[in-house]
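Visitor: I'd like a walk through this structure, feature by feature. Could you show me how to read each one as we go?

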Number of protein chains: 4
Amino acid sequence: MIRFESDYTEGAHERIIQKMVATNMEQTSGYGVDEYCARARQHIQTACGNEAVDVHFLVGGTQTNLTVISGILRPHQGVIAAITGHIAVHETGAIESTGHKILTLPSDDGKITAAQVQQLYDEHWNDVTHEHMTQPGMVYISQPTENGTIYSHAELEALYDVCQQHDLPLYIDGARMGYALASPENDLTLERIAQLCDVFYIGGTKVGALMGEAVVIVKDTLKKDFRYLMKQRGGMLAKGRILGIQFETLFEDGLYMEVAHHAVQQALRIRDAFAAQGFTFRYDSSTNQQFPIVSNEVLEKLRTKYSFSFWEKVDAQHNVIRFCTSWATQMEQVDELVHDIAKLGHACSITGQ
Amino acid sequence: MIRFESDYTEGAHERIIQKMVATNMEQTSGYGVDEYCARARQHIQTACGNEAVDVHFLVGGTQTNLTVISGILRPHQGVIAAITGHIAVHETGAIESTGHKILTLPSDDGKITAAQVQQLYDEHWNDVTHEHMTQPGMVYISQPTENGTIYSHAELEALYDVCQQHDLPLYIDGARMGYALASPENDLTLERIAQLCDVFYIGGTKVGALMGEAVVIVKDTLKKDFRYLMKQRGGMLAKGRILGIQFETLFEDGLYMEVAHHAVQQALRIRDAFAAQGFTFRYDSSTNQQFPIVSNEVLEKLRTKYSFSFWEKVDAQHNVIRFCTSWATQMEQVDELVHDIAKLGHACSITGQ
Amino acid sequence: MIRFESDYTEGAHERIIQKMVATNMEQTSGYGVDEYCARARQHIQTACGNEAVDVHFLVGGTQTNLTVISGILRPHQGVIAAITGHIAVHETGAIESTGHKILTLPSDDGKITAAQVQQLYDEHWNDVTHEHMTQPGMVYISQPTENGTIYSHAELEALYDVCQQHDLPLYIDGARMGYALASPENDLTLERIAQLCDVFYIGGTKVGALMGEAVVIVKDTLKKDFRYLMKQRGGMLAKGRILGIQFETLFEDGLYMEVAHHAVQQALRIRDAFAAQGFTFRYDSSTNQQFPIVSNEVLEKLRTKYSFSFWEKVDAQHNVIRFCTSWATQMEQVDELVHDIAKLGHACSITGQ
Amino acid sequence: MIRFESDYTEGAHERIIQKMVATNMEQTSGYGVDEYCARARQHIQTACGNEAVDVHFLVGGTQTNLTVISGILRPHQGVIAAITGHIAVHETGAIESTGHKILTLPSDDGKITAAQVQQLYDEHWNDVTHEHMTQPGMVYISQPTENGTIYSHAELEALYDVCQQHDLPLYIDGARMGYALASPENDLTLERIAQLCDVFYIGGTKVGALMGEAVVIVKDTLKKDFRYLMKQRGGMLAKGRILGIQFETLFEDGLYMEVAHHAVQQALRIRDAFAAQGFTFRYDSSTNQQFPIVSNEVLEKLRTKYSFSFWEKVDAQHNVIRFCTSWATQMEQVDELVHDIAKLGHACSITGQ
């Protein structure tokens, strides 16, 4: 079985593992105040083009999201997010468990717009009984989204503009940030992202690390006491240097983007192979997740050899499936998949009927 | 600087690191349902002498404590703990952040007694206005305690007896469980512990692992839906097999106890060295943490070469300090420390004045 | 200005006020253990045809909802509700503030169906990653709904059947329960309601009382420690007898249904007056709230003399408005309104265009 | 049975009841935006000598405490309070249920000192691992305390000085505020209290009202969005005018202090009667609660005719009991009690042995 089911099926990039081996018996202080974390912080500050940002290392995405969001909101405030957002769907109510409602906006592709946020904001404040409703307190987006789509520079700028007008901190979930930056359609940089939001995180778990997410806090008022929040929510790793070592390795000489580019290239090969056979796609993704629509027969045929995700039914005969590549995806395995797709013959895809 | 400041200053035991390297590019499912986790579970079930216990792997101790405790209690219930308990002191209010009061009992050595729990229980239920007070809902202890002391078989049995009489689940924080089992004064086994409580965890972070704690749920009614709770609290690691690999290595052939015995032996060498010079100790510890009472002068002298924790002031002239050993402590470093202690000359320790 | 904007614009029914005056200087124990509360409980048990139900008195609806719901759910569970449900819209995220997500179901009329609950339940449990999603833990409905509509006997029976099959406690928010029971279309009784759910509340605030809601707990496992929950959430009134006095008065000889019938009759007179002029309605309500669709001109004309709620825009020219009657609505005021409606002339209502 | 067990055994002061009767059928807007609330607010602003304070009306004390405190603190912060404070003992963990630890300070008489707060603050910030501990975020005191004692002007000034130095908002629970102001030992005014804290509440429930507490927010940064918080926590009464009517009556012409003085005078008569017989007291109270120490025999004798609270055992032979007076205490009943105390004969009180 060749696995394309997710971007966390392997361990860590070889260079990370090597560095962990090499430094294993060194003695460092715990809880993220060691030199590896310090250097990793500097590398990330440099990559963000801003020495003033605070950088903290947490272990996982759900933990990061709940720690950041509950640290920003007051009790009566909620977080605006796409109805497809990870926090809204796949975190077992983690945000609500910290006391906050998610104010969901409809979205087909995983993105939300500046106009949607403006409208929700206006509807809240124009309602004379607004005190009886959860007050919008911040905005959450994912880059790339859970559907592989990405915000363009113009879209993010417009969104942040609305956020700033209304004092709504903008938070970007970058669990797969590298794969967005590596997309051929991307027109953003990490530096620009750090200018167009208030806090975001750079995902390690899905981009080469064993585990770990780097929170970057841009806005000064959000920096205060973040380490308390990390500790309280169980996100301060005792042997914090493990996270420092990983992010140092990923950011000291461009490894992060190197592995991201690799994954995206492989994903686009898979995309192109499906497209060449006339298959259509659920989402227009240029990142490491691809969502072809396949018939039941194709699905069964592919399943005999490959592991991938079933995403949703389109109709009785068709399905959306997800292929996911990563830093660890081997070109030979993609070769094989591409070869097998070519043999599937021309698709009678849903939109072609 | 030779570091005895904590038991998490190094990475992981060599055999763990080797296994992580060897398995790095294998593809497994995420979230703890891989084969490494499965085998680690079986080893732990065997070690506990009970195939029916549920075993889950989380990343850290605070995370584990808050997940277990908030999963057991109803909203109006609190957890009974020693006033020195880790949850009461050093977790930034993590338990309270999930909505629950900690009902603290006085303790000088870190332990609580069956009689104390009985009394607190009686006082609550005998009060006619008990509905105006937090209801005791479970009991938390640490083995060994934060002060290095351990519960004897008789003490634990008595405590669990009271807990069972009053339907108070007993939870043992075993962040350093191995070091208790390796104590020369210990008369408990992992099997017996699994019979004398309802849920406990076996600490990995401080006993040879990079990170990771293994929750063992004994009582059937506490097993339901634990994976939801883990996910919600941010404690379900995406690459869960990292935890499985570590606990498999620690439990497949006795490595866990091997490293624990090493650490305790080194700690006792340090203890004996201080004792030989007439120093007294704040706590009667037979585990990997030692708490000698030293004068200001001795403290300063030791500080020039060794790193250790300042624990508390005894009086203007004396201090409690903590030396901590671990699986990683090197005998040569302890040799050196023992040698240096011997050179300190006879202590004018606080109790000798 | 004649007010039809809500059903809580006046104080309490005259007989309640009289009883409060008559008993004012009596000395009773606090916190709901007085004789007035005891008798009120008995009257409600009798009205429910079940001496075994527990009855508790709280002050307001939001308080009641958050206390009941957070007392039932485990941390990872959510409550299923119509997207229009009061808890989902108008309680400032009170349910989320206790840590729980509301799993909303689409609804146009305010009701949800057995089939919808079944589907949501199936979708959750059929998803292999269900542990990453909030688990459905109970069901919330309102009777009548926030839109004035009511569940029929058959609908409620079907819903409760699904709930029981899946161990989902069914909770009915009866803030306006009397007005449902007084509807000409109603085919339920309080006794039958007490058989077709696990817990519900009988609203006092909107049906003749100064304040107060009577929680009726039918299911045995939900009864435990409810008074602790009330106290913790701030819902245990010190001078609890005030609530007892009110519910005793409302239930000792049928006053509750008497006032409810009065309100519904007045509402139906308003409905009929609008209908007679060809106006249509947003919801098919047979209870004390009526939602006619009126043009901008009609809205402005009515506003000069009457106070009512603006509900929502239909289009640029038309609006939904809400008229609300209560136990306190005076027939003469309805006479006047009916007279004025008749003078509006025939409506060019939205659906008539 | 003559009841001295609490200060909430009767309904409301006659003038309040009369006003509720007189205004019963008036139509007003709900949720505290009516004219009665507006006038009550103005009266209280005047009484506080500060037109800029925000005034909100909630129903009960626990509700008020949890709403105010959870509205001020960030997630990792706790509230400093006496170990005897109402929030620490008698609110079923309401503060913890909102996510916050109570940082308790020892207290024998119910008060805490500026020095204690300074010390706790210093200990927190001087600890290098302070991020692992709950951060002190505000201070809670009661005036009068739960033991009937009061803060002097100098004590409150010193406390507030420390609070301001360290940016710790000071909150005063004034459930019995009137009785403190009416104490012969009091040297504070409402105006001065409003200058020496950031937020406080003026209790109505125990000082003449049916229910109701008036929150006074002095500090500007704490004013924002308080109505959202009230609604979310279930503390925004639908028929809010009931609270307005009561506080208007209490504050429009001095009724609040009139009833408070009456209660304190009666309490001091009881105190003097016990003292005249040589009884000693557990607390040095000059307010409406008195805590004489009596032998088992005296306790039993008094119990045959009077209802009062058992407070605590002193030793096998002696007990602390509590007598409570209120706005409603009748002089004739105190006459009778005083007469009966005189007949008890001279006490062999605990301290006289």
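**Reading the model**

Guide: Let's start with one residue and its neighbours. Leaving out residues up to four places away in sequence, D:Ile172 touches D:Ile141, D:Gln143, D:Leu156, D:Met177, D:Ile193, D:Cys197, D:Val199, D:Phe200 and D:Tyr201; contact means heavy atoms within 4.5 Å. This is a predicted model, where local features need pLDDT of at least 70, side-chain atom pairs count only at pLDDT 80 or more, and totals for chains, interfaces and linings use all residues. Residues are numbered from 1 along each chain as its sequence is written, chains are lettered from A and ligands numbered from 1 in the order in which they are written, and side-chain values use heavy atoms, with hydrogens and water left out.

Visitor: Is D:Ile172 buried or exposed?

Guide: Buried means under 20% relative accessible area, exposed over 50%, and partly exposed in between (1.4 Å probe, protein chains only). D:Ile172 counts as buried because its relative accessibility is 1%. You'll find D:Ile172 in strand E6 (residues 170-174) of chain D; helices (H or I, at least four residues) and strands (E, at least two) are DSSP runs, numbered from the N terminus.

Visitor: Next, a helix. Which residues of H2(B) are buried?

Guide: They are B:Tyr36, B:Cys37, B:Ala40, B:Arg41, B:Ile44 and B:Gln45. Seen down the helix axis, the buried residues of H2(B) fall within an arc of 170 degrees, so they line one face; the arc is that of the directions from the helix axis to the C-beta atoms. On the other side of H2(B), B:Glu35 and B:Thr46 are exposed.

Visitor: What do the buried residues of H2(B) pack against?

Guide: Helix H1 (14-22), strand E2 (54-58), strand E7 (199-203), strand E8 (213-217) and helix H11 (241-251) of chain B. After H2(B) comes B:Gly49, with a positive phi near 65 degrees.

Visitor: And how do I read an interface?

Guide: The size of an interface is often given as the accessible area lost when the parts come together. Between chain A and chain B, the buried area (1.4 Å probe, summed over both) is about 4,100 Å², with carbon and sulfur atoms giving 53%. In chain A, A:Tyr8, A:Gln27 and A:Lys239 lose the most area to chain B, together 18% of what that side buries.

Visitor: How many residues does each chain give to the contact?

Guide: Chain A gives 48 residues and chain B gives 48 residues.

Key
Buried area is the accessible area (1.4 Å probe) that two parts lose on being put together, summed over both.
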